[in-house]
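Biologist: I would like to go through this model piece by piece. Shall we start once it is on screen?

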Amino acid sequence: MKNIIFIAPPAAGKGTISDYLVENYNYVHLSTGDLLRTEVSLGTLLGKEIDELITKGKLVSDDLIISLVNNELTKLNGRLFILDGFPRTLGQAHKLDQMLASLGVTNNVVIYLDIDVEEASKRALGRVICPNCKRSYHLYNEGFKPLNDNLCDDCNTVLEKRSDDTEVTFKNRFLSYLTNTGPVIDYYKKQNRLVKISINDKSITDVIKEVIKVASEYSTSSKEAEFRLKSGGSND
Ligand code: AMP
């Protein structure tokens with residue numbers, strides 16, 4: 001299996017897919033949003049500043065997020081990882097290439113989950129998360145509702161809505177995605193490093209199957225074109 005770098009709009013389902021891969025394939029899930037929310041929950045001065053940005057749907061600075069990610073990557077010791085929420089800007093993408101090169105990590109695939117704004121908005125507005133173990137649920141989606149009312153199935157903690165899963169903030173986050181992350185998509189596309197999976201009309205189970213197929217078969221060698229033909233995966 002390959003390390004996965006997910007590029008996707010907010011609320012596309014990266015967290016849910018990552019939960020599955022952590023449980024079944026031993027991945028380490030590095031979510032920059034989770035790392036930031038942990039800092040917020042500590043109530044530090046930095047946490048308060050981050051909270052304000054997150055609640056408005058704005059990005060935190062490249063310097064801060066790069067140092068957080070660098071810190072996590074250096075602790076991995078060769079374990080497989082998923083990067084969820086990073087890189088979100090071109091500066092972060094360049095820096096990620098440097099960090100991975102300096103750690104000698106080459107076994108990676110960039111997966112772009114393509115979803116319409118309407119569908120992503122629906123997912124954001126119905127999402128609740130466990131503040132303890134970070135598992136996410138969906139209040140209106142059968143199969144993703146918590147078993148007991150508003151409690152986490154895994155650790156029984158009361159579930160919460162994220163402060164940025166509101167209609168107004170979702171719009172800001174989506175705009176920020178188009179402006180800041182659009183160039184990141186082009187960056188990987190130009191280098192032929194992007195595998196796109198369109199997820200609008202697919203069940204989460206089918207999306208997970210496609211992600212596993214890509215992460216297990218994708219190769220940057222000459223077999224790449226052959227793989228795309230066989231899998232229906234695309235890098236456009
Ligand atoms: P997420 O959980 O990935 O949706 O991230 C929640 C929020 O955390 C984002 O809307 C940003 O405010 C902030 N954030 C997460 N990742 C990044 C990043 N790579 N760069 C800047 N801000 C980020």
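**Helix 7 and beyond**

Modeller: Just after helix 7, N192 takes a positive phi of about 60 degrees. Keep in mind that this is a predicted model.

Biologist: What span should the 24 residues of helix 7 have, and how far apart are its end C-alpha atoms?

Modeller: Helix 7 covers residues 167–190. At 1.5 Å a residue, its 24 residues should span 34 Å. That agrees with the model, where the end C-alpha atoms are 33 Å apart.

Biologist: Where does helix 7 bend, and by how many degrees?

Modeller: A proline, P183, follows the bend within four residues. The bend is about 45 degrees, at T181.

Biologist: Which residues of strand 1 are buried on one side, and which on the other?

Modeller: In a regular strand the side chains alternate between the two faces of the sheet. Five of the five residues of strand 1 (residues 3–7) are buried, so the strand is largely enclosed by the rest of the structure. Both faces are covered: N3, I5 and I7 on one side, I4 and F6 on the other.

Biologist: Which residue of strand 7 stands opposite V110?

Modeller: Six of the seven residues of strand 4 are buried. Strand 4 pairs with strand 7 (residues 194–198) in the parallel sense, over five bridges. Opposite V110 stands L194.

Biologist: Which residues join through a cis peptide bond, and what is omega?

Modeller: Most residues other than glycine have a negative phi, and most peptide bonds are trans. P87 sits in the loop between strand 3 and helix 5 (90–103). The cis bond joins F86 and P87, with omega about 5 degrees.

Biologist: What is phi of D149, and is D149 buried or exposed?

Modeller: D149 is found in the loop between strand 6 (136–138) and helix 7. Its phi is near 35 degrees, a positive value in a residue other than glycine. At 73% relative accessibility, D149 counts as exposed.

Biologist: And N156: what is its phi, and is N156 buried or exposed?

Modeller: N156 also lies in the loop between strand 6 and helix 7. Its phi is positive, about 65 degrees, although N156 is not a glycine. The cut-off for exposed is over 50%. At 53% relative accessibility, N156 counts as exposed.

Biologist: Which element gives the largest share of the lining of the second largest pocket?

Modeller: About 290 Å³ of space lies in the second largest pocket. Of its 16 lining residues, the closest to the centre are R37, V40, S41, I129 and E160. Helix 2 (32–41) and helix 3 (45–56) each give two or more residues to the lining. The largest share, five residues, comes from helix 2.

Biologist: What separates the C-alpha atoms of K209 and I17?

Modeller: K209 lies in helix 8 (residues 204–217). At 53% relative accessibility, K209 counts as exposed. K209 and I17 are 192 residues apart along the chain, and their C-alpha atoms are separated by 9.6 Å.

Methods:
Residues are numbered from 1 along each chain as its sequence is written. This is a predicted model: local features need pLDDT of at least 70, side-chain atom pairs count only at pLDDT 80 or more; totals for chains, interfaces and linings use all residues. Side-chain values use heavy atoms; hydrogens and water are left out. Buried means under 20% relative accessible area, exposed over 50%, partly exposed in between (1.4 Å probe, protein chains only). The expected span of a helix is 1.5 Å times one less than its number of residues. The bend at a residue is the angle between axes fitted to the seven residues ending there and the seven starting there. On a 1 Å grid over the protein atoms alone, a cavity is a set of points where a 1.4 Å probe fits but cannot get out, and a pocket is an open set with protein on both sides within 12 Å along at least five of seven lines; lining residues have an atom within 4 Å of a point. Grid points are joined across faces, edges and corners, and a volume is the space filled by probe spheres set on the points. Two strands pair if DSSP finds at least two bridges between them.
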